[in-house]
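Subject: Structure for you to take over

Dear colleague,

I am handing this structure over to you, and below it you will find notes on what turned up when I went through it. Please read them with the structure open beside you.

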Amino acid sequence: MDLNTIRKETRGCTDKIFLNSAGSSLVSDAVFDQVINILTEEAQIGGYALAYANQQGVDEFYIETAKLLNCAPENISFQNSATDAYAKAISSIEFKAGDVILTTDDDYISNQISFLSLKKRFGIEIIRAGNLANGDLDLVAFEELVKQHQPKLVALTHIPTSSGLVQAAAEVGAICRKYNCWYLVDACQSVGQLVVDVKEIGCDFLAATGRKFLRGPRGTGFLFVADRALEAGLAPLVIDMIGGDWSSVDHYTLQPTAKRFEFWESSLAGRLGLKEAVKYANQLGMANIEKYNTDLMSHFRNQLKTVKGLNLQDWGSKVSNILTFTMDHHTTEEIAAHLRTHDVYFSIAFAGSAMIDFPKKNIESAIRLSPHYFNTAEELEKVVAILDF
């Protein structure tokens with residue numbers, strides 16, 4: 001990877017220190033130009049003619065995304081967000097009273113709310129697997145829970161939004177295959193910063209967004225659906241004319257591919273912008289991106305440990321490009337104000353999004369920094385100096 005070229009192709013990274021890729025990252029010029037050009041063309045010829053003229057680009061979205069995840073294009077569906085993708089996947093499971101969803105303490109807030117909604121409507125049971133003392137998922141106990149409860153669905157967030165923890169997605173996948181459980185992975189924070197291989201993970205569904213580490217437009221995402229789920233006839237609760245063919249007055253036939261999880265209407269500019277973002281990551285090579293990120297974050301975390309009174313809040317044996325911290329002598333609001341005066345872009349994680357995790361750590365909020373491969377070691381050294389106040 002040529003960092004100078006990457007930074008030249010990222011117009012938003014030159015006048016600030018942007019450390020919020022876990023929220024909504026900076027798009028590359030390739031993504032920006034694609035979206036603007038498509039919107040300009042749409043204004044001139046209308047949306048239908050636009051879609052017809054750009055069918056090749058639409059097809060390339062499935063090819064590039066399949067390459068990113070190591071699957072076939074037929075296993076990919078475009079979605080308007082990761083939440084959209086997740087909701088469609090979970091709606092394809094026919095829950096009934098007494099069924100179990102097995103998840104973890106570190107699942108994403110919207111996923112946890114979805115589980116609670118299903119509990120309220122269908123009378124399912126939610127079981128959350130515990131962690132080891134270091135924050136890792138207790139895989140031995142996890143397997144025992146699977147054996148005991150035979151969950152209808154296992155749901156795992158690969159990287160939580162409020163912590164740098166990387167969960168053992170592949171190890172959980174092996175357990176799910178052993179006991180024949182449906183397995184849904186939320187990869188919002190991992191796709192784009194780590195190599196994510198659905199064959200290695202062994203999931204039936206994987207939901208991801210475009211706007212975070214993948215550096216695509218907002219309002220975009222995708223859903224991977226494994227052959228096993230397609231062959232079993234799993235489909236979202238609500239299907240439209242992309243998901244099925246109206247074969248007779250009272251019957252329809254499912255689309256054979258993962259497109260059964262799509263809706264016909266979507267933003268072509270967003271879809272093609274996401275295609276460019278995925279293509280950009282593929283061209284750089286996810287293994288290269290992961291290595292750069294790992295080295296960058298290792299150096300950054302080690303430097304931050306030297307700042308007096310700064311407490312890193314990321315548990316687990318494997319951590320990611322999400323870094324959360326508190327300080328003994330400054331409130332979260334004081335740290336945030338200080339960072340803003342130095343043009344550092346970041347997020348704040350609150351207990352409302354980490355109802356289980358943060359009470360364990362005895363904190364109510366934390367600063368969240370999420371560098372990416374367009375950031376430099378020099379930028380992060382400046383942040384360390386800024387935080388020494």
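In this predicted model, four strands form an open sheet in the order E11-E12-E15-E14, and their pairing is antiparallel. The edges are taken by strand E11 (310-312) and strand E14 (347-350), each of which has a single partner strand, so that one side of each is left without a neighbour in the sheet. On average, and with direction ignored, neighbouring strands of this sheet are turned by 40° against each other. The antiparallel pair made by E14 and strand E15 (residues 365-369) is joined by four bridges, and within it Ala349 stands opposite Ala366 in E15.

Two helices lie across strands of this sheet. Helix H12 (residues 286-304) lies across E11, strand E12 (323-327) and E15, and it runs at about 5° to E12, while helix H13 (residues 332-341) lies across E12, E14 and E15 and runs at about 25° to E15.

Another set of strands to look at is the one around strand E8 (residues 221-225), where five of the five residues are buried, so that the strand is largely enclosed by the rest of the structure. Gly221, Leu223 and Val225 point one way from E8, whereas Phe222 and Phe224 point the other way, and all are buried. E8 pairs with E2 in the antiparallel sense over four bridges, with Ile76 standing opposite Phe224 in E8. Strand E7 (residues 205-209) also runs antiparallel to E8 and is joined to it by five bridges, with Thr209 opposite Gly221 in E8.

Turning to the aromatic rings, a search of the whole structure finds seven aromatic pairs. One of them is formed by Phe18 and Phe374, a tilted pair with 6.3 Å from centre to centre and 45° between the planes. Because Phe18 lies in strand E1 (residues 17-18) and Phe374 in the loop between E15 and helix H15 (377-387), the pair ties together parts that are 356 residues apart in sequence. Both Phe18 and Phe374 are buried. In Phe61 and Phe78 the ring centres are 5.6 Å apart and the planes stand at 80°, so this pair is edge-to-face. Phe61 lies in helix H4 (residues 55-69) and Phe78 in strand E2 (residues 76-79), so here the parts tied together are 17 residues apart in sequence. Phe61 counts as buried at 0% relative accessibility, and Phe78 counts as buried at 4%. Phe18 and Phe374 also belong, with Tyr345 and Tyr373, to one aromatic cluster.

Charged side chains lie over rings as well: Arg11 is over the face of Phe32, at 3.9 Å from the ring centre, and Lys88 is over the face of Phe263, at 3.9 Å from the ring centre.

Finally, how many disulfides are there? The count comes to zero, given that a pair of cysteine sulfur atoms must be within 2.5 Å to qualify. The sulfur of Cys71 has its closest cysteine sulfur in Cys203, 9.2 Å away, which is too far for a bond, and Cys71 is buried, with a relative accessible area of 18%. For Cys181 the closest cysteine sulfur is in Cys176, at 5.2 Å, again too far for a bond, and Cys181 is buried too, with a relative accessible area of 1%.

With best regards

Technical notes: Residues are numbered from 1 along each chain as its sequence is written. This is a predicted model: local features need pLDDT of at least 70, side-chain atom pairs count only at pLDDT 80 or more; totals for chains, interfaces and linings use all residues. Side-chain values use heavy atoms; hydrogens and water are left out. Buried means under 20% relative accessible area, exposed over 50%, partly exposed in between (1.4 Å probe, protein chains only). Two strands pair if DSSP finds at least two bridges between them. Axes are lines fitted to C-alpha atoms, for helices over the stretch in contact, and angles run from 0 to 180 degrees between N-to-C directions. Contact means heavy atoms within 4.5 Å. Rings of Phe, Tyr and Trp (its six-membered ring) pair if their centres lie within 6.5 Å; planes under 30 degrees apart count as stacked, over 60 as edge-to-face and the rest as tilted. A charge sits over a ring if NZ of Lys or CZ of Arg is within 6 Å of the ring centre and within 35 degrees of the ring normal.
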